[in-house]
Amino acid sequence: MYYTLTQRSRMVKQPYGGYLPVRTFNKTQFDDSKKIKSDEENISASLVGLAVDYLTRFCQHESFESAFAISLMGIKNYQIVTHDTVDLTALEVKGLDDASIINACKLATLDVWYRNPRAAVLAKENYELCPNSATINNIKVMVQRTLDFFEQYEPIVENGFVMPGGYTKMVSTGDGDYLTTHTLVDLKVSKKNTTSKYTLQIAMYYLMGIHSTNQHFQQINKLAIFNPRLNVLYIKSIDDIDTNILSAIECDVIGY
């Protein structure tokens, strides 16, 4: 059976506390005095997360075509299946103005047409949604927090990374968020605290990256999860992880 990296990380029965217990990560809570009204959002957290991720990349001077690449590939499938035409000129993204954030959310809904077209058809997914003012403000705050974090941390060397040569018969696909000079950073916008499912996921990214031909992984020595919704960072040195744990994840979870 083939799974995406995220699917596999969610289905694994981990040891008590997890392969990488959250408590073993160093936690830093940031405070910028900005308020997020999570309970007032009117679109799914997964779409908010995609919008935050893609807008962050765009605001880091990445091209629209690169930042929204998955959405643009989804549009092709959407148009083929539905025979409906998506007017990209009406989905312009310029920055963090309200219209751009609304369009980023609409574009994010089209990802599923590339990642899982069958699910999109069954769910009758479409991109005609309208985030309310609370959702727009929350996304704006989260993108700015993410930009501020990376500006103060390490230079980004790759975003939207993949791991060619690192996939297995068990984990056949998966792409991650950010690689900085020495850190693998996973961006989460969950309303809840970090869990062992998240820490397993970043460990899988790292191990599959080491097995891949992606040379950027050779310099990675830390794993991190940044949640701009909660404005919190969890980080752990790879040297502090028991090699037996990493071997167990390689064998039992990834399938090497």
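Which helices and strands each supply at least two residues of the lining of the largest pocket? I will come back to that after a word on the model.

This is a predicted model, where local features need pLDDT of at least 70, side-chain atom pairs count only at pLDDT 80 or more, and totals for chains, interfaces and linings use all residues. Residues are numbered from 1 along each chain as its sequence is written, and side-chain values use heavy atoms, with hydrogens and water left out.

Now the answer. The elements are α1 (5–11), α2 (45–59), α3 (64–67), α4 (69–82), α5 (98–109), α6 (112–115), β6 (183–187) and α9 (196–211). Helices here are DSSP runs of H or I with at least four residues, strands are runs of E with at least two, and both are numbered from the N terminus. The top contributor is α2, with eight residues.

The largest pocket holds about 1,700 Å³ of space. Its lining has 48 residues, and Thr6, Arg10, Ser46, Leu50 and Arg115 are the closest to the centre. A pocket is an open set of points on a 1 Å grid over the protein atoms alone, where a 1.4 Å probe fits, with protein on both sides within 12 Å along at least five of seven lines; lining residues have an atom within 4 Å of a point. The volume is the space filled by probe spheres set on the points, which are joined across faces, edges and corners.

Next, strand β8. Five of the six residues of β8 (residues 232–237) are buried, so this strand is largely enclosed by the rest of the structure. Buried means under 20% relative accessible area, with a 1.4 Å probe and protein chains only. On one side of the pairing list, β2 (residues 26–29) runs antiparallel to β8, joined by four bridges; Thr28 has Leu233 as its bridge partner. Strands pair if DSSP finds at least two bridges between them. β7 (residues 222–227) also pairs with β8 in the antiparallel sense, over six bridges. These two strands form a hairpin with four residues between them, and Asn231 in the turn has a positive phi of about 55 degrees.

Asn231 and Leu233 turn up again in the lining of the second largest pocket. That pocket holds about 200 Å³, and helix α8 (residues 133–152) gives the largest share of its lining, four residues.

Last, Thr183, which lies in β6. Thr183 has 0% relative accessibility and counts as buried. Its side chain makes a polar contact of 3.3 Å with that of Glu154; such a contact is a pair of N or O atoms within 3.5 Å, one able to donate a hydrogen and the other to accept it, and residues adjacent in sequence count only if both atoms are side-chain atoms.

Technical notes
Buried means under 20% relative accessible area, exposed over 50%, partly exposed in between (1.4 Å probe, protein chains only).
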